[in-house]
Amino acid sequence: MLVVQQLSHSFLNGTEPTRVLIGIDFRVERGEIVALLGSSGSGKSTLLNLMAGLMKPTEGSILIADRKIEKMNENELAVFRRTHIGFIFQSYELIPHLTVRENVELPLVFQGLKAKLRRERALTLLTRVGLAGKTELFPSQLSGGQQQRVSIARSLITEPAVVFADEPTGNLDTATESEIIDLLLELNVNLGITFVIVTHEHEVAKRTKRIIQLRDGRLVEPGSDPEPLAAETDVAGADAMGTVAAGHAGQNEEADSGADRRLREGEKR
Ligand SMILES: Nc1ncnc2c1ncn2[C@@H]1O[C@H](COP(=O)(O)OP(=O)(O)OP(=O)(O)O)[C@@H](O)[C@H]1O
């Protein structure tokens, strides 16, 4: 399903390569929900960027749905991300001048799906995440927790093989954080969605069935003492993944109607 094999990555700082990920090996099976836990600087964002194909690893391999991410070219990656990977960001990354429903429909516009079908699927998912009465509002009319529910519905609309949630509760208060994790767990159990939740918070990680912990670029062996983590938020990760949403703009030739065009233009702004 998701297989990370002997993954290492170095950044070139001046002439000296700095290794930030070293020999990472793990797999996430279909229908699993796992937390990728690590303190600031442990390498979470780098690993997420590699798994999403935003960077090529120095060594090793990543398979998602039996495709080798590091072997794909930019066009193949763009299509693969749109169809096989869902993203949930700390800062939601919703398009402000599109309605809640239009935001959720957006990934399907790029797949050329007919408006009626898109609408039906978006409404079904919005009902599923508890937003049946909010579909024609704009993101700014919703609370942070509700905006994150929209972003969760959007991440599921293409029925991706895996959903990467990058600090999904980083902007939320404790009670709302708990509700959002409840929703992810429920979607995992009842719809079989595969989630990888990237977090620096033990409280979030320990609610999942399995924790993959990173420390200084290496995986911590299960059973070893967890390291206390700094209470910092992962803005860098959300920013990096924001380029995924931005990367969609201009890649659509299939859409047909005025509504499609409005959605597309909305995303380019
Ligand atoms: N483009 C880059 N060039 C050089 N070094 C980098 C680059 N990006 C990240 N690093 C370094 O790689 C290490 C891991 O960074 P990364 O952002 O992956 O960690 P993180 O666990 O996501 O941290 P945070 O939670 O603070 O975002 C850090 O030491 C960081 O300074």
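1. Strand β1 (residues 2-13) pairs with strand β4 (residues 59-64) in the antiparallel sense, over five bridges. Within this pairing, V4 has I62 of β4 as its bridge partner. The model is a predicted one, and the remarks below should be read accordingly.

2. β4 is also joined by two bridges to strand β5 (residues 67-68), and these two strands run antiparallel. The bridge partner of L63 in β5 is K68. β4 and β5 form a hairpin with two residues between the strands, where A65 takes a positive phi near 50°.

3. Overall, the protein has nine helices and 10 strands. Six of the strands form an open sheet with mixed pairing, in the order β6-β7-β8-β3-β9-β10. Its edge strands, each pairing on one side only, are β6 (85-88) and β10 (218-219). Helix α5 (residues 144-156) packs on this sheet, where it touches β6 and β7 (162-166). The direction of α5 makes about 170° with that of β6.

4. Inside the sheet, β3 (residues 33-38) and β8 (residues 195-199) are parallel partners, paired over five bridges. V34 has V196 as its bridge partner in β8. In a regular strand, side chains alternate between the two faces of the sheet.

5. Helix α5 packs against helix α6 (residues 174-191) at an angle of about 20°, with the axes 10 Å apart. Because angles under 35 degrees count as roughly parallel, α5 is roughly parallel to α6. Their crossing is right-handed. On the α5 side the contact is made by G144, G145, Q148, R149 and I152, and on the α6 side by T176, E179, I180 and L183.

6. Two totals for the whole protein complete the note. Of its 269 residues, 42% are buried. Among contacts between residues at least 6 apart in sequence, 73% join residues at least 24 apart.

Definitions and conventions
Residues are numbered from 1 along each chain as its sequence is written. This is a predicted model: local features need pLDDT of at least 70, side-chain atom pairs count only at pLDDT 80 or more; totals for chains, interfaces and linings use all residues. Helices (H or I, at least four residues) and strands (E, at least two) are DSSP runs, numbered from the N terminus. A residue is buried if 20 or more other C-beta atoms lie within 10 Å of its own, exposed if 12 or fewer, and partly exposed in between; C-beta atoms are placed from the backbone. Two residues are in contact if their C-beta atoms, placed from the backbone, lie within 7 Å. Two strands pair if DSSP finds at least two bridges between them. Axes are lines fitted to C-alpha atoms, for helices over the stretch in contact, and angles run from 0 to 180 degrees between N-to-C directions. Angles under 35 degrees count as roughly parallel, over 145 as roughly antiparallel, 65 to 115 as roughly perpendicular and the rest as oblique. A crossing is left-handed if the near helix is turned anticlockwise from the far one by less than a right angle, and right-handed if clockwise.
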